[in-house]
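This report describes a structure for a reader who has not seen it before. Please look at the sequence and the model first.

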Amino acid sequence: MEIPYTVQNRPDTGIYNAKLGIWLFLASEVMLFGGLFSAYVLLRVGAEPGMWPHGWLNVTLGTVNTLLLALSAITTLLAWAACKVRDFGKFKIFHGCTILLALTFLGIKSYEYHDKLIHYEIALTNGKFADGHLVEKSKDFDLLKKIGTVTLHGHIVEDRRELMDLRSPEAQAAKHEDITIAAADIKKMGNYGPRHNTFTAIYFTLTGLHALHILGGTLVIFYFWGPGSRMWKTDPERFTNRIEVSGLFWHFVDLVWIFLFPVLYLT
Amino acid sequence: MQSNVQQFPPFREAAAPHGHDDHGHHEHAEPGFWQQYVFSTDHKVIGIQYGLVSLSFMLFGFFLMLLMRWQIAHPGVPVPVLGPLLEKVLGQPAAHGAISPDLYNSFGAMHGTIMVFLGVVPLAFAAFGNYVTPLMIGAPDMAFPKLNMASFHVFFLGGVVMLVSFFIPGGAAQAGWTAYSPLATTIPTNGQAFWLVGMVLLITSSLLGAVNFIATIIQLRAPGMTWMRMPFFVWAQFVTAFILLLAFPPLEAAGVLQLMDNVAHTSFFLPTGLAVGGQLADVSGGGSPLLWQHLFWFLGHPEVYVLILPAMGIVAEIVANNTRKPLWGYKSLVYSALFVGFLSFIVWAHHMYLTGMGQKIATFFQTTTMIISVPSVIILTCLFLSLWGGSIRINTPMLFALGFLPMFGIGGLTGLPLGLAAADLYLHDTYYVIAHFHYVVAPGTIFALFAGVYFWFPKMTGRKMNEFWGRVHFWCSFTFMNVVFMPMFAQGIKGMLRRMSDGGVNYSAARVPNAIDALPGTVMQLNGWILWAAIALGIAQLPFIINLFWSIRHGEKVDNNPWQATTLDWQTPTPPPHGNFAHEPHTVRGPYEYSAPGHATDFTPQDEPAAGAAPKNKTEHH
């Protein structure tokens, strides 16, 4: 038994099965991310005035990541084109670049995550807020027993609202220095993880889901670049189709980032 | 001429026309058990796998419901027979063999989830769709057989996760099958996290399935199988697949967000100032409970059409076959199904009139809701009109199909008051909604599914199910279904709320005699009737279960096309071999050429060469 149109186009539809399949899958992905972006819009519109953060993310790193993915889109296309003209060596080079670019993207993303996870906001017993990156915790630090100290590199503010818009002149002018706080003075302490507020929640969820897509796509491309490339010898046309289909997915994942970057970093 | 295909040499020597293999699967080398029944990529085996698993889940969901009905009729009284077992398995929530309110909530949530996502959808879409669709369009298999296998395994895993959640501390999810936040996050059990993981798996499975179905129908139609020659069943599956493809992802998104709320303690659906147990919850707040409902019902409403469209497809096939004449208004049926599919995406908020989302939005959704009833009525009317003037053959599948028509009609028409905000505000949280929804799905869809099982069983096994016990099954189910659900309309109109674990005792005239509009004794009494009707309904399924398994080996033997049907699924050897067709079928006419004047028989198969045409050499196309 052989299933028709796995490699050749069906004449009346003009497409082969896998290409149709990936487009359908991408349609569902559009709805998935569409649902999440709608959630973002509703949550942001419903936020209390002045409580939606601005400028919390590193625009430089975001821009670099955007360029990395844009480049990877080009190398993906070139890799497919190389397959089309039956130039296996060039395919190897271009998709090798794709994989490296993707891994660099994920590396930068993990650095950004790490930066958020060591960033603490501490509500002090005197009603003020300390905010900054963790320098060190004393060895005996225990929040529940109220012993020890914690040192942040940051500043102390009167009102949480001052922490919301980091692009404001006041926030830009704020002086950051090492602050050591005794556990006894701490009312509540938490990092900028997902539970910090609605913005970090949606930031981690959206970019996390996107990073999972990047990871999945990289694994697939790596498989076709490495062990899966044996098919080149036996059935180059089918192999080329595989590169096209995985490339379509990759372009979609890039496209999602093109929406994520302005929505999360630039507004 | 019985069947066109048999004129040609068999596809393989091993594929005898009357196979003795009960699972419709032939291979050159005998594959092992695992290869053949568990890790099979054959759409027919996968269809049967889905069928058996989803029927089992339906039975399980039914038992949950029986336990709930006992609790409603006799609040706090230990469950007879099953009580000690419950206590042993579930522990504290079933202390003394009685069902605690928490356990009742768990059963309620899981009954809904299991029946919808693990019972009816997999049976209607995945089981029948898998088995029948490729046969009907003349395809050798699905477009992506391995993906097909994967989607069954992911589905199975999702089912296992759901089942396991009953046995974790705190028990299964308790926030209803709709899992409304913040309730779903604040109930102190991990059941909800299990539920969400299970749902993500089930959604993934149906996404893979939907991609596969659409690709198969677009790409693998046999030569001559043009769009308007496809049986209505295939159209119904096609629209269903699109609904699943596009409506499920937003729920997956919502599921991910709620999982974050439950596991990473975010506040996507938790509002500012949320109090739990009288204390301010330790959450950042700023979330929106309404957002969950929007995302949930964006799937939830299209899901209703996922439940009903395949059922309509099955009924259409059986009605055409047993009236021995073409379906009335085939094109109207097709366009109505497409229109329903499209409109089902813009009616979701009619489930949310009570949330206070605003009059303007309510007006919009009332309008679309009234509009969507039009194509549904067209479909039902076409099916009714198809009966007109036919010499109707009554058999078990036809009985169930005929039962479907008025039952779905009742379900649909009683939905109209719910689509209008003014009436819905009163009826929404009452048993009226339960009765309406169950008329659509239980005596509606599930009857159609029974019809399908009886109808395609001979293709799967080469034997018919016992006719007498089939009729017993039908008449008992028909009677008791109505005794179960009809009284709920009355209870709902009298104001009995639908989520109470005590069956309304605390609002009854017996308990609070002076209260205005307390539930009268007659309404409370109905709870007892419903319980006994439900038990009888359960007993009425015994003939079906025994018949199903007994007939695999002992049913009456039949040939390839026992119903004398026209569609391609009946023009294959029985059971169809791996690859389905002896030769690629060439479709030359529409799907319902029954009683064509001048033809020797009262049916003309879709691939029978046109009269006068020279016999074609079928191999030239390959």
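## Strands and sheet of chain A

The hairpin of β1(A) and β2(A) has four residues between the strands, and A:Gly127 takes a positive phi near 90° there. Helices (H or I, at least four residues) and strands (E, at least two) are DSSP runs, numbered from the N terminus. This is a predicted model: local features need pLDDT of at least 70, side-chain atom pairs count only at pLDDT 80 or more, and totals for chains, interfaces and linings use all residues. Residues are numbered from 1 along each chain as its sequence is written, while chains are lettered from A and ligands numbered from 1 in the order in which they are written.

Strands of a sheet pair through backbone hydrogen bonds, either parallel or antiparallel. Two strands count as paired if DSSP finds at least two bridges between them.

| Strand pair | Sense | Bridges |
|---|---|---|
| β1(A) (residues 119–124) and β2(A) (residues 129–137) | antiparallel | five bridges |
| β1(A) and β5(A) (residues 186–191) | antiparallel | five bridges |
| β2(A) and β3(A) (residues 149–157) | antiparallel | eight bridges |

Single residue pairs can also be named. A:Ile122 has A:Ala130 in β2(A) as its bridge partner, and A:Leu124 has A:Ile186 in β5(A). A:Gly132 stands opposite A:Gly154 in β3(A).

Five strands form an open sheet in the order β4-β3-β2-β1-β5 (chain A), with antiparallel pairing. Its edge strands, β4 (177–182) and β5 of chain A, each pair on one side only. On average, neighbouring strands are turned by 40° against each other, direction ignored.

## Domains of chain A

Domain bounds come from an automatic or database domain assignment. For chain A this assignment gives domain 1 (17–39 + 55–116 + 197–266) and domain 2 (120–188). The C-alpha centres of domain 1 and domain 2 of chain A lie 38 Å apart.

## Contact between the chains

Residues are in contact if their C-beta atoms, placed from the backbone, lie within 7 Å. In this sense, 34 residues of chain B are in contact with 30 residues of chain A. On the side of chain B that touches chain A, the elements giving two or more residues are α7 (191–219), α8 (232–264) and α9 (289–323) of chain B. The largest share, 11 residues, comes from α8(B).

Methods
Contact = placed C-beta atoms within 7 Å. Axes fitted to C-alpha atoms, helices over the stretch in contact; angles between N-to-C directions.
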